[in-house]
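The sequence and the structure are shown first.

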Amino acid sequence: MNGTPEAPLWTIAGGGLAGTLLALELAARGDPVRIIERHPNPKIETIPSGRSINLALAHRGLKALAAAGLDGEVKRRAVPMRGRMIHDNGGAARFQPYSRHPERFLYSVQRDTLSRILLDEAHRRPKIEVLFERELVAIDWSRRLAQLRTWCKKKTIPLPFNRLIGCDGAGSGVRRAIEEASGESGRIEWLDHGYREFTLAPDLAGSEDERQALHIWPRGEWMLIALPNSDGSFTATLFMEHAALATLGDDPKRWRSLFKTHFADALSCLDGLDRDLEHNPIGRLGTVYAALWHHAGALLIGDAAHAVVPFHGQGMNAAFEDVGLLVAALDRGTEWPALAAGFQAERQPDTDALARMALDNYREMRAAVHAPGFIRRKALEWELEGRFPERFAPRYDMVMFSDLPYALAEARGAVQAAIVDELLALNDPKARIARARTRIEENLPALRAPQQAQE
């Protein structure tokens, strides 16, 4: 077709966080990259993403940003979160640090802030071309042509590609095209809970601990959380059953009544409820299990291959880690298509493990975090980590503050949970520590390397 642009080595479907970071890394290797993004240029027009406004940036994500030289700028625009502030039914709040190591913490960063940092850097790179308002709707595999629909003129145009990376999210068009071509269909497991987002005023926080914390109101089947913003406000997300969300609808009176009954200490901080109900629709939560991550010249990474529910704060971090793993494979000289097949074989056990742990963390956050048994258990875990630092690390630390494979963190976490269960049944502190030493040395090999701190 006349006017069809020549294909660069890399075409990336999806100009979101992972797609743009990958483009930066590929361009740094000297490779030309083209990004196709269905939304307009955010510098010209702000488009609601329909996704969570705030993200929790942990070690894996920071490591990937550091490789691109952007970690410092992102940290300056983010807010540290040093632990959880747990709000009980009576209005009292208690701070729980994330780790026994004070230097280990997370960052709360707004999605659009991080996106603009990455896109601004991409626009500075001559090797990167970004085509906005182009949505991938089909792929002609035999001719290596991506069929794109333009938003403005509503017409379909072909775009040739050599290697195509699907970074186009949980509703990935690249994944859909791979499924159609291969006949191998994955699945999406939808949670029966959804979410809605609100803004809470800075009045929510008085102390530094309160300002630098993830706030949680655990209510059994329901949960409200709030992440800090750089302007002092908080982005709050309420998770509850779809049926309950539908009953509340867009009625401000019903929402205020709900907050008064279940989240009373947050009610006075609701800032712009009517606006939030108008602009923040109900969101869905699901886990993507793609059957095949690769086909011909294409490969899926990030949410397109393995979207997870957000309750471990690892979706973005896992996607960024995908970028680092893919670039490392290229640096080793691994040839396509062996690289693409090997990427899924090596990575999928970890992302499947993350999916399970994210669901498990939802149960913990909405119900267990304020229970005396949870607090006692956490104290024992920290004691064991202090006594046996080369062998015992809380699962949360392994996931959030290290780059140990997710599957290894899950497996070690299961062994450690069984040991903790056994030790909690012992009342004699000396007998408990003696038993701990035996069980840990028998069942937990030394960790491969000291876990790295956030700063």
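Is valine 309 buried or exposed?

## A buried loop residue

With a relative accessible area of 3%, valine 309 is buried, where buried means under 20% relative accessible area, exposed over 50%, and partly exposed in between, using a 1.4 Å probe and protein chains only. This is a predicted model, in which local features need pLDDT of at least 70 and side-chain atom pairs count only at pLDDT 80 or more, while totals for chains, interfaces and linings use all residues. Residues are numbered from 1 along each chain as its sequence is written, and side-chain values use heavy atoms, with hydrogens and water left out.

Valine 309 belongs to the loop between helix 11 (303-306) and helix 12 (315-331); helices (H or I, at least four residues) and strands (E, at least two) are DSSP runs, numbered from the N terminus. Not counting residues up to four places away in sequence, valine 309 touches Leu191, Leu285, Gly286, Thr287, Ala358 and Leu359, contact being defined as heavy atoms within 4.5 Å. Its C-alpha atom is separated by 30 Å from that of proline 389, which is 80 residues apart from valine 309 along the chain.

An open sheet of mixed pairing is formed by six strands in the order 8-2-1-12-20-19, where two strands pair if DSSP finds at least two bridges between them. Strand 8 (128-131) and strand 19 (294-295) are the edge strands, each pairing on one side only. Strand 2 (residues 33-36) runs parallel to strand 8, to which four bridges join it, and strand 2 also pairs with strand 1 in the parallel sense, again over four bridges. Isoleucine 36 takes part on both sides: this residue stands opposite leucine 131 in strand 8, and isoleucine 36 is also the bridge partner of alanine 13.

In a regular strand the side chains alternate between the two faces of the sheet. Helix 5 (residues 173-182) lies across strand 1, strand 12, strand 19 and strand 20 (298-300), and runs at about 120° to strand 20; axes are lines fitted to C-alpha atoms, for helices over the stretch in contact, and angles run from 0 to 180 degrees between N-to-C directions.

A second open sheet to consider has three strands in the order 3-7-4, with antiparallel pairing. Strand 3 and strand 4 (79-81) stand at its edges with a single partner strand each, so one side of each is left without a neighbour in the sheet. On average, and with direction ignored, neighbouring strands of this sheet are turned by 35° against each other.

Three bridges pair strand 4 with strand 7 (residues 106-110) in the antiparallel sense, and valine 79 stands opposite serine 108 in strand 7. Helix 4 (residues 111-123) lies across strand 3 and strand 7, running at about 80° to strand 7.

Arginine 412, placed in helix 16 (residues 406-424), is buried yet has no salt bridge, and the nearest side chain of opposite charge, that of glutamate 390, is 9.8 Å away. A salt bridge is a side-chain nitrogen of Lys or Arg within 4 Å of a carboxyl oxygen of Asp or Glu; for charge, Lys and Arg count as positive and Asp and Glu as negative, whereas His and the chain ends are not counted. The side chain of arginine 412 does reach the backbone oxygen of arginine 391, at 2.5 Å. Leaving aside neighbours within four places in sequence, its contacts are Arg391, Met398, Leu444, Pro445 and Leu447.

Arginine 38, found in the loop between strand 2 and strand 3 (54-57), counts as partly exposed because its relative accessibility is 39%. Among the residues that arginine 38 touches, not counting those up to four places away in sequence, are Glu133 and Trp151.

## Backbone geometry

Glutamate 133, in the loop between strand 8 and strand 9 (134-140), has a positive phi of about 55° although it is not a glycine, and glutamate 133 counts as partly exposed at 26% relative accessibility. Alanine 296, in the loop between strand 19 and strand 20, is likewise not a glycine but has a positive phi of about 50°. The peptide bond from tryptophan 336 to proline 337 is cis, with omega near 5°, and proline 337 is found in the loop between helix 12 and helix 13 (338-368).

Note on methods. Polar contact = N/O pair within 3.5 Å; in protein donor to acceptor, adjacent residues only side chain to side chain.
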